[in-house]
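This briefing is meant to be read beside the sequence and the coordinates. It goes from the overall fold to a few selected sites and their side-chain pairings.

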Amino acid sequence: MIRTAVATRPARAGLTLTAVAGIALLAGCAPAATDTGTDTSADTGSDSGDTGSSGTATYADGTYSAQGSYATPESVETISVTVTLEDDVVTSVEVSGDPSRPESEQYQGQFIGGISDVVEGQDIDTISVSRVAGSSLTSEGFNQALETIKSEAIA
């Protein structure tokens, strides 16, 4: 004869309460959703993200160039950014890169194809790019280069 142990009713109620309390406690420990930095979506839109506060700095008109870099899961990539400023407004932007990985080539190409729509006509102090045409990592290098340009162009 096989005999199983059955907990008494008060013991079952206690075990149930303990299980519910444990589940509630663990639910509070769940990690929040985060961006892993890997671009896998086919997002074709652009998001300039935080536009920052309106700047108070004044920049000299002209064309400025700088490099920015960013890390991918497999490598560190570099892009070159050239910006023309007129009355603190970006009138043209040119970005070029020399990607070392096929994925980087794809995302840099998407970024380069969409960046002018995001930044041209904008006050340079309001620009903080977070994602362009599905590329978010390239934005980090762009913003880095833009900060260098701002420091060089400040009047």
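How many helices and strands are there in the protein? In this predicted model, the protein has 3 helices and 5 strands, and from the N terminus on these elements follow the order α-β-β-β-β-α-β-α. Of the 155 residues in the protein, 30% are buried, and among contacts with a separation of 6 or more, 62% are between residues 24 or more positions apart.

**Helix H2**

- Helix H2 covers residues 102–119, and its 18 residues reach 26 Å from the first C-alpha to the last, which is close to the 26 Å expected at 1.5 Å a residue.
- Along this helix there is a bend of about 35° at Gly113, and just after H2 the residue Gly121 takes a positive phi of about 90°.
- The buried residues of H2 are Ser104, Tyr107, Gln108, Phe111, Gly114, Ile115, Val118 and Val119, and two of these, Ser104 and Gln108, are also in contact with Glu77.

- Glu77 is found in strand E3, which spans residues 76–86, and although Glu77 is buried, it has no salt bridge.
- Why does Glu77 have no salt bridge? The nearest side chain of opposite charge, that of Arg101, is 6.2 Å away, whereas a salt bridge requires the side-chain nitrogen to be within 4 Å of a carboxyl oxygen.
- The side chain of Glu77 instead has polar contacts with two serine side chains, that of Ser100 at 2.7 Å and that of Ser104 at 3.1 Å.
- Beyond its neighbours within four places in sequence, Glu77 is in contact with Gly68, Ser69, Tyr70 and Thr72, as well as with Asp98, Pro99, Ser100, Arg101, Ser104 and Gln108.

**Gln144 and the segment at Ser69**

- Gln144 has its place in helix H3, residues 137–153, and counts as partly exposed because its relative accessibility is 37%.
- Although Gln144 and Ser69 are 75 residues apart in sequence, their C-alpha atoms are 7.2 Å apart in space, and the side chain of Gln144 reaches the backbone nitrogen of Ser69 at 2.6 Å.
- Not counting residues up to four places away in sequence, Gln144 touches Gln67, Gly68 and Ser69; Gly68 and Ser69 are also among the contacts of Glu77.

**Salt bridges**

- The count of salt bridges comes to 3, one of which joins the side chains of Arg101 and Glu103 at 3.8 Å, N to O.
- Both partners of that pair are partly exposed, since Arg101 has a relative accessible area of 32% and Glu103 a relative accessibility of 37%.
- The side chains of Lys150 and Asp125 meet in a salt bridge at 3.3 Å, N to O, and this pair links distant parts of the chain, with Lys150 in helix H3 and Asp125 in the loop between H2 and strand E5 (131–132), 25 residues apart.
- Lys150 also forms a salt bridge with Glu147, at 3.4 Å, N to O, and these two residues both lie in helix H3, 3 residues apart, or about one turn of the helix.
- Lys150 counts as buried because its relative accessible area is 13%, whereas Glu147, at 45%, is partly exposed.

Conventions:
Residues numbered from 1 in each chain as written. Predicted model: local features only at pLDDT ≥ 70, side-chain atom pairs only at ≥ 80, totals over all residues. Heavy atoms only, no water. Helix = DSSP H or I, 4+ residues; strand = E, 2+ residues; numbered from the N terminus. Buried < 20%, exposed > 50% of the residue type's maximum accessible area, 1.4 Å probe, protein only. Lys, Arg positive; Asp, Glu negative; His and termini not counted. Polar contact = N/O pair within 3.5 Å; in protein donor to acceptor, adjacent residues only side chain to side chain. Contact = heavy atoms within 4.5 Å. Expected span 1.5 Å × (residues − 1). Bend = angle between axes of the 7 residues up to and from the residue.
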